[in-house]
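Have the viewer open and follow the topics in turn.

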Amino acid sequence: MNQELVEKIKANPDYQKLVKTRTGYAVKMSVAMLVVYFAFILTIAFDPSALAVPLSDGGVTTIGIPIGMAIIVFAFVLTGLYTKRANTEFDDLTNKIKKSLGEN
Amino acid sequence: MINRAFLFLILGSIAVLASGTIDGEIVKQDLNVSAIIMFLLFVSGTLGITYWAAKRTKSAKDFYTAGGGITGLQNGMAIAGDYMSAASFLGISGLVYLKGYDGLIYSIGFLVGWPLILFLIAEPLRNLGKYTFADVASYRLRQTPIRTLAAAGSIATVILYLIAQMVGAGKLIQLLFGLDYEVAVILVGVLMILYVTFGGMLATTWVQIIKAFLLLSGATFMAIAVMAHYDFSFNSLFTAAVDVKGIDVMSPGGLVSDPVSAISLAVALMFGTAGLPHILMRFFTVSDAKEARKSVFFATGFIGYFYILTFIIGFGAIVMVYQNPEYLDLAKQAISGGYPILGGKNMAAIHLSHAVGGDFFLGFISAVAFATILAVVSGLTLAGASAISHDLYASVFKKGNADGQSEMRVSKMATVGLGIVAIFMGIAFEQQNIAFVVGLAFAIAASANFPILMLSMYWRKLTTRGAVYGGSLGLATAVMLVILGPIVWVQILGNAEAIFPYKYPALFSVTVSFVSIWLISITDNSQNAKDEQAMFDAQYVRSQTGIGAEGASEH
């Protein structure tokens with residue numbers, strides 16, 4: 001890729017929008033995963049009894065079980081949300097950028 | 001009638017990052033006929049695929065990336081196949097069996113790295129690279145030093161992982177199939193060489209896909225059988241488990257007790273996953289960034305589902321295997337009391353397969369465990385061979401002037417070489433305590449491979465000097481801290497107290513790596529550094545848009 005083309009793409013408003021939106025989204029999603037996971041790990045490290053609370057009086061199932069399962073599902077849902085948005089909105093923008101280069 | 005008098009041993013060596021050692025005598029089993037028949041079916045099927053793949057593997061691109069034409073769903077399944085090793089299956093279900101809830105903590109740690117790979121790595125990696133992650137790291141930096149370091153990180157990770165897999169394979173096969181340890185190790189080595197040399201990435205991918213399918217099917221059947229026993233009520237299952245093992249299995253039990261270890265383990269699992277060369281390499285097998293994203297989406301789904309299954313399987317083993325006289329190691333019980341099961345905790349899932357499905361299903365799960373090991377070592381070897389042929393031979397030694405055919409020839413020779421090394425290492429380490437090797441592999445991946453990859457993609461100011469010295473420092477720190485830590489320094493070398501008190505060094509070595517790469521890069525005022533920084537824009541545009549990226553080849 002030559003410097004002229006690079007400058008041209010960088011000046012393209014669609015490119016700027018793509019980079020800004022996607023970077024923001026990716027960072028937001030990463031932070032969401034990290035916060036949930038580290039909240040879980042630090043709870044285990046500092047106050048494990050918080051996860052040992054039974055769901056119902058006299059029952060054995062603790063709140064830690066649905067929380068753990070929910071983190072697994074949460075990770076999967078995050079990848080689904082990101083993939084859906086990237087494969088439509090972000091790819092559309094990318095294709096628009098590519099098209100604008102072909103036309104000139 | 002198959003002799004059910006298993007005398008299994010702890011396979012702690014492959015039990016992911018969990019501590020555990022191989023101890024005591026292994027007693028070879030009588031031949032397990034149904035397992036062997038099912039295993040032979042798997043082997044002949046996969047060799048057939050290898051023959052088919054060999055005819056389609058003509059260029060270097062075919063060999064390294066299956067021509068780049070694997071779909072997102074297929075690749076997601078293959079990634080899951082790479083990641084769900086025998087260690088995950090037997091190790092995590094064994095950990096749940098032993099400690100209940102703590103097993104779930106490990107599973108979650110192994111899973112949460114995947115969304116980050118999707119958000120931050122998959123797409124730029126696919127857009128910038130060709131065959132190995134070193135392609136990306138050396139995109140605008142100096143080829144020779146960066147490729148050498150990246151190859152060193154890859155080969156170290158691959159060989160450590162291979163040792164763990166080979167030793168685990170030898171013991172598992174010896175126990176399940178009644179073969180000699182050496183025979184088992186050589187068999188795994190030879191089959192893996194055949195798959196990879198002749199079938200390249202295409203055969204390796206399909207071996208992974210088939211194995212992932214078999215493993216998920218088998219685990220699903222076991223989990224359903226367990227749940228059916230309790231009318232599909234988790235509460236009944238847990239109540240039954242608490243009746244035999246006590247209430248402690250329902251909550252965190254001190255596996256990760258101090259905050260430093262907890263965070264360090266989390267860092268190793270998350271960043272280590274994102275620095276494993278055989279995982280990163282899989283992103284070059286798909287046609288574009290769109291398929292790369294789908295790969296991670298499907299892989300995360302399969303892996304997450306699998307970990308939920310292993311959790312149910314572990315609890316199933318608590319109620320159906322623990323205290324069941326059929327699976328008790330009576331000799332061991334006579335000495336130490338309690339309820340030790342035959343073969344140790346990592347055999348819990350294997351015993352459960354017999355409890356829910358009889359000899360036939362036991363044979364099936366045994367064959368699946370063997371297939372799992374074969375698939376994982378094949379993926380590892382291909383990644384190691386690519387680092388040798390593509391990074392060291394073609395880029396460092398030949399300065400980028402090697403043609404595709406000679407590069408492919410070198411990678412086939414490297415495959416055979418790595419296969420032989422793996423066999424010898426497997427035999428040499430039979431009686432060694434190798435509990436530290438997988439942890440070390442993850443630490444190196446997290447401390448050397450991951451920072452270099454991440455910063456080269458996102459940080460303009462990264463220079464060759466910073467990457468090489470900082471990355472090497474990170475790698476050296478990881479190795480040193482593992483040696484000075486409790487497993488090697490105390491358990492293996494027999495010293496009284498560890499110099500470095502934590503089992504997982506990643507928090508420290510990753511920090512050392514990032515800080516030193518940063519410091520050495522920003523103080524680099526050479527012309528070379530300025531040139532490299534100037535090339536960042538072109539790289540970034542390509543990583544964001546995929547313009548100029550490698551496409552799929554036509555077949």
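**Chain B at a glance**

Ala66(B) is buried, because its relative accessible area of 13% falls under the 20% cut-off. Keep in mind that this is a predicted model. The points below look at backbone angles, a helix pair and the nonpolar cores.

- Although not a glycine, Ala66(B) has a positive phi of about 55 degrees.
- You will find Ala66(B) in the loop that lies between helix H2 (60-65) and helix H3 (72-83) of chain B.
- Asp231(B), also a residue other than glycine, has a positive phi near 50 degrees.
- The loop between H9 and helix H10 (234-245) of chain B holds Asp231(B).
- Asp231(B) counts as exposed, with a relative accessibility of 66%.

**A helix pair**
- In chain B, helix H8 (residues 143-177) packs against helix H15 (residues 348-397) at an angle of about 155 degrees, and their axes are 9 Å apart.
- That angle makes H8(B) roughly antiparallel to H15(B), since the cut-off for this class is over 145.
- The residues of this contact comprise 24 nonpolar, ten polar and two charged.
- The crossing of H8(B) past H15(B) is left-handed.

**Nonpolar cores**
- The largest nonpolar core has 198 residues, and Ile121(B) and Phe315(B) touch the most other members.
- Helix H9 (residues 181-229) of chain B contributes the most to this core, with 22 residues.
- Beyond its neighbours within four places in sequence, Ile121(B) has contacts that include Leu116(B), Ala274(B), Phe450(B) and Met457(B).
- A second, separate core has eleven residues, among them Ile452(B), Leu455(B), Trp459(B) and Leu462(B).

Methods
Residues are numbered from 1 along each chain as its sequence is written. Chains are lettered from A and ligands numbered from 1 in the order in which they are written. This is a predicted model: local features need pLDDT of at least 70, side-chain atom pairs count only at pLDDT 80 or more; totals for chains, interfaces and linings use all residues. Side-chain values use heavy atoms; hydrogens and water are left out. Axes are lines fitted to C-alpha atoms, for helices over the stretch in contact, and angles run from 0 to 180 degrees between N-to-C directions. Helices (H or I, at least four residues) and strands (E, at least two) are DSSP runs, numbered from the N terminus. Angles under 35 degrees count as roughly parallel, over 145 as roughly antiparallel, 65 to 115 as roughly perpendicular and the rest as oblique. A crossing is left-handed if the near helix is turned anticlockwise from the far one by less than a right angle, and right-handed if clockwise. Ala, Val, Leu, Ile, Met, Phe, Trp, Tyr, Cys and Pro count as nonpolar, Asp, Glu, Lys and Arg as charged, and the others, Gly among them, as polar. A nonpolar core is a set of buried Ala, Val, Leu, Ile, Met, Phe, Trp, Tyr and Cys residues joined through side-chain atoms within 4.5 Å. Buried means under 20% relative accessible area, exposed over 50%, partly exposed in between (1.4 Å probe, protein chains only). Contact means heavy atoms within 4.5 Å.
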